[in-house]
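Trainee: I am new to this structure and would be grateful for a close look at one loop, followed by an account of the surroundings.

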Amino acid sequence: GCVVVRDGRVVGRGWTQPGGRPHAETEALRRAGELARGATAYVTLEPCSHFGRTPPCCNALIAAGVARVVCAMRDPDPRVDGRGFAMLRAAGIAVEEGLLEAEAQALNAGFARRIREGLPVVTLKLATTLDGRIATKSNESKWITGPAARREAHALRARHDAILVGSGTVIDDDPDLTCRLPGAAPTPILRVVADARLRAPVTARLFATAAIHPTLLATAPGHPPAALAPYQAAGAEVVTVPRGEGGLAFRPLLARLAQRGVTRLLAEGGAGIAAALLREGLVDRLAWFHAPAVMGGDGIPAAYPLPVEALAAMPRFRRVASRPLGDDWLTEFERT
């Protein structure tokens with residue numbers, strides 16, 4: 001985001017547009033027009049200094065005649081990483097960096113993770129009873145949580161680029177995996193199905209709507225083209241990734257997603273996906289919805305065995321937020 005301020009008044013504001021272009025700075029400067037000359041530009045991320053699909057934002061700020069740039073965080077992209085600030089200072093623009101840096105780092109965590117590690121930030125969403133069960137032994141799960149929690153789950157989808165489920169969730173729940181908040185603008189969320197054995201039926205709603213909503217089927221190598229053709233004919237993109245313990249290897253899958261621009265991935269289920277991501281150390285955040293109910297030991301757990309033989313081997317998280325949603329409770333965690 002970028003806000004241009006002159007004489008104590010906001011004269012232009014902008015944010016990076018869908019698809020990543022135009023950038024926030026050029027949008028804010030366009031709206032400010034001549035009022036940008038001598039103004040201060042506040043930006044969340046260091047202005048870019050390289051030519052890509054668009055010219056550098058530093059050039060735009062210099063040409064607009066801003067007097068000062070206040071920035072929250074450096075851009076981790078090695079093509080920028082301080083070069084933007086250096087360009088601005090060389091042009092005589094005062095630069096201050098690090099204001100609200102922690103907040104900006106949290107806001108841009110997915111972008112930074114993709115640049116530094118080639119992976120998206122992964123949020124594992126769980127909706128369980130108090131004793132950590134996601135469904136009865138007969139796979140009944142609708143609905144463990146109430147309407148307020150389900151609305152918040154849709155809002156959670158809207159804050160992510162892609163949603164990941166396993167074939168078991170497709171078979172048991174037949175989900176849409178779309179954001180259906182009343183009044184919300186539709187967002188193009190990539191729906192990803194991890195299905196090593198091609199168990200998910202092509203008649204499932206995910207594939208029936210694949211021509212409308214972007215859908216990716218990730219499966220293991222070795223399937224004959226005739227087995228993949230029905231999914232492709234429905235409009236789904238099919239990719240192959242190596243096998244892992246009990247299914248697919250998720251680190252290569254996440255790397256594939258990052259390569260196509262996914263910075264924030266929401267994993268919604270089920271217990272096999274949760275266990276695989278936790279086992280591979282890929283879960284960065286937990287969004288845990290608790291319903292005030294107890295199911296008992298014959299219910300399906302939130303995660304299948306990892307396994308963990310010592311307490312020191314458990315994936316650990318720290319609580320960062322907690323709030324009620326009707327009778328339910330949402331607790332958010334980050335990996336320690």
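Mentor: Let us begin with Leu-306, which is placed in the loop between β16 (300–301) and β17 (317–325). Helices (H or I, at least four residues) and strands (E, at least two) are DSSP runs, numbered from the N terminus. This is a predicted model, in which local features need pLDDT of at least 70 and side-chain atom pairs count only at pLDDT 80 or more, while totals for chains, interfaces and linings use all residues. Residues are numbered from 1 along each chain as its sequence is written, and side-chain values use heavy atoms, with hydrogens and water left out.

Leu-306 has a relative accessible area of 17% and is therefore buried; the term means under 20% relative accessible area, whereas exposed means over 50% and partly exposed lies in between (1.4 Å probe, protein chains only). Not counting residues up to four places away in sequence, Leu-306 touches Glu-245, Ala-275, Leu-278, Arg-279 and Pro-315, where contact means heavy atoms within 4.5 Å. Leu-277 is 29 residues from Leu-306 in sequence, and their C-alpha atoms are 9.5 Å apart in space. The peptide bond from Leu-306 to Pro-307 is cis, with omega near -15°. Pro-307 also belongs to the loop between β16 and β17.

Asp-7, in the loop between β1 and β2, has a phi near 55°, a positive value in a residue other than glycine. Asp-7 has 74% relative accessibility and so counts as exposed. Leu-198 lies in the loop between β9 (190–194) and α8, and its phi is likewise positive, near 55°, in a residue other than glycine. Leu-198, however, is buried, with a relative accessible area of 15%.

We may now turn to Ser-167, which is found in helix α7 (residues 167–173). Its relative accessibility of 8% means that Ser-167 counts as buried. The side chains of Ser-167 and Arg-199 are joined by a polar contact of 2.9 Å. Such a contact is a pair of N or O atoms within 3.5 Å; within protein, one must be able to donate a hydrogen and the other to accept it, and residues adjacent in sequence count only if both atoms are side-chain atoms. Leaving aside neighbours within four places in sequence, Ser-167 is in contact with Val-193, Ala-194, Asp-195, Arg-199 and Ala-200.

Helix α1 (residues 24–32) has Ala-24, Glu-25, Glu-27, Ala-28, Leu-29 and Ala-32 as buried residues. The cover over the buried residues of α1 includes β1 (2–6), β2 (9–14), β3 (40–45) and α2 (57–64). After α1 comes Gly-33, with a positive phi near 60°.

The aromatic rings come next. The structure holds 1 aromatic pair. The ring centres of Phe-207 and Tyr-231 are 5.0 Å apart and their planes lie at 70°, so the pair is edge-to-face. Rings of Phe, Tyr and Trp (its six-membered ring) pair if their centres lie within 6.5 Å; planes under 30 degrees apart count as stacked, over 60 as edge-to-face and the rest as tilted. Because Phe-207 lies in helix α8 (residues 205–208) and Tyr-231 in helix α9 (residues 225–234), the pair ties together parts that are 24 residues apart in sequence. Phe-207 is buried, with a relative accessible area of 1%, and Tyr-231 counts as buried at 6% relative accessibility.

A disulfide is a covalent bond between the sulfur atoms of two cysteines. The term is applied here to a pair of cysteine sulfur atoms within 2.5 Å, and the count comes to 0 disulfides. The sulfur of Cys-2 is 8.5 Å from the closest cysteine sulfur, in Cys-57, which is too far for a bond. Cys-57 is in no disulfide either, the nearest cysteine sulfur being that of Cys-48, 3.7 Å away. Cys-2 counts as buried at 2% relative accessibility, and Cys-57 is buried with a relative accessible area of 1%.

Finally, consider the whole chain. The protein chain has 11 helices and 18 strands, and of its 336 residues, 45% count as buried. Among contacts in the protein chain with a separation of 6 or more, 71% come from residues 24 or more positions apart.
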